[in-house]
Amino acid sequence: MLRTREDLPVARRQQATRRPRPFPIGPVVLSVSLALGGGLAALFLLQEQLLERWIPPAGLVEGIEARPDGDGRLLGHFPYPEAAESELVEIWPGIRLQRDAAAELRRLLADARRDGIRLTVVSAFRSVDIQNEVFFNMKSLRNQSAEERAKVSAPPGYSEHSTGFAVDFADLTRPQTELSESFESTPGFAWLKNNAHRYHFTLSFPRANAQGLSFEPWHWRFEGSAKALEQFEAVQRFQRSARR
Ligand SMILES: [Zn+2]
């Protein structure tokens, strides 16, 4: 007669339940390897993320301790790519500009001349390397901190000049005002204020600009091509939001 579990005396029933079952080696090996595999994968992903965070953010400049802010600006200046050699044309020896900007600039200079205004361009395209020299040589010559220097000059990688779309004008009849705030009082500046927009040039750093940079009446940038607009989109958006 087959005895059910209930027929067993209590003592034997407990003994029976305590009897060790055969060790389930298969499932244990499987779950251990799954857990290990999962753990390793998680570690790998975590490490990837940590590594990503450890790579120094782009936009740092050697010799400048400040870091770019949320807008990508360093000491007030937006980052700019360097124009490719193939995009640049020479207006006259040593002065190069993006093709579209150069054509409009020639038109602007010729029309100013016709109006009796003696404008010239003293600086246009500057490579990142040249900008590096401009920034750090002037900074040490004038014994300025990077912060002070950045008010009047862009750190390398942050200059509109490197795009090949920016120019520094001078008035040939007032040479002493070259790259000086006093350029504001020249006939050349008065003419630019009234006419530069017709050639798609705009004053980059007006008085009390949103970026907190020095007033530069001589420095104008070209915004008359899709490429130029694309490069200056961030700064335009920033200026618009600051005016609101
Ligand atoms: Zn300039």
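I'll start with strands β1 (residues 88-92) and β2 (residues 95-98), which run antiparallel and are joined by four bridges. A word on terms: strands are DSSP runs of E with at least two residues, helices are runs of H or I with at least four, and both are numbered from the N terminus. Two strands pair if DSSP finds at least two bridges between them. Two residues sit between the strands, and G94 takes a positive phi near 85°.

Before going on, what we are looking at is a predicted model, in which local features need pLDDT of at least 70 and side-chain atom pairs count only at pLDDT 80 or more, while totals for chains, interfaces and linings use all residues. Residues are numbered from 1 along each chain as its sequence is written, and side-chain values use heavy atoms, with hydrogens and water left out.

Now the overall layout. The protein has eight helices and six strands. Read from the N terminus, the order is α-α-β-β-α-β-α-α-β-α-β-β-α-α. Of its 244 residues, 39% count as buried, where buried means under 20% relative accessible area, exposed means over 50%, and partly exposed lies in between, using a 1.4 Å probe and protein chains only. Take contacts, meaning heavy atoms within 4.5 Å: among those between residues at least 6 apart in sequence, 62% join residues at least 24 apart.

Next, the sheet. Four strands form an open sheet in the order β3-β4-β6-β5, with antiparallel pairing. At its edges are β3 (119-123) and β5 (201-203), each pairing on one side only. From one strand to the next, the twist averages 45°. Axes here are lines fitted to C-alpha atoms, for helices over the stretch in contact, and angles run from 0 to 180 degrees between N-to-C directions. Helix α3 (residues 99-114) packs on this sheet and touches β3, β4, β5 and β6 (219-222). The direction of α3 makes about 145° with that of β3.

Let me stay with β4, residues 166-171. On one side, four bridges join β4 to β3; S123 is partnered with D168, and V121 with F169. β4 also pairs with β6, in the antiparallel sense, over three bridges.

How many residues of β4 are buried? Six of its six, so the strand is mostly covered. In a regular strand the side chains alternate between the two faces of the sheet. Here, A166, D168 and A170 point one way, and V167, F169 and D171 point the other.

Which protein residues are donors of the zinc ion? They are H161 through NE2, D168 through OD and H219 through ND1, lying 2.1 Å from the ion. Donors are N, O and S atoms within 2.8 Å of the metal (3.2 Å for Na, K and Ca); water is not among the atoms, so sites may look incomplete. Along the chain, the donors follow the spacing H-x6-D-x50-H. D168 in β4 and H219 in β6 are 51 residues apart, and the pair links distant parts of the chain. D168 is buried, with a relative accessible area of 5%, and H219 is buried too, at 3%.
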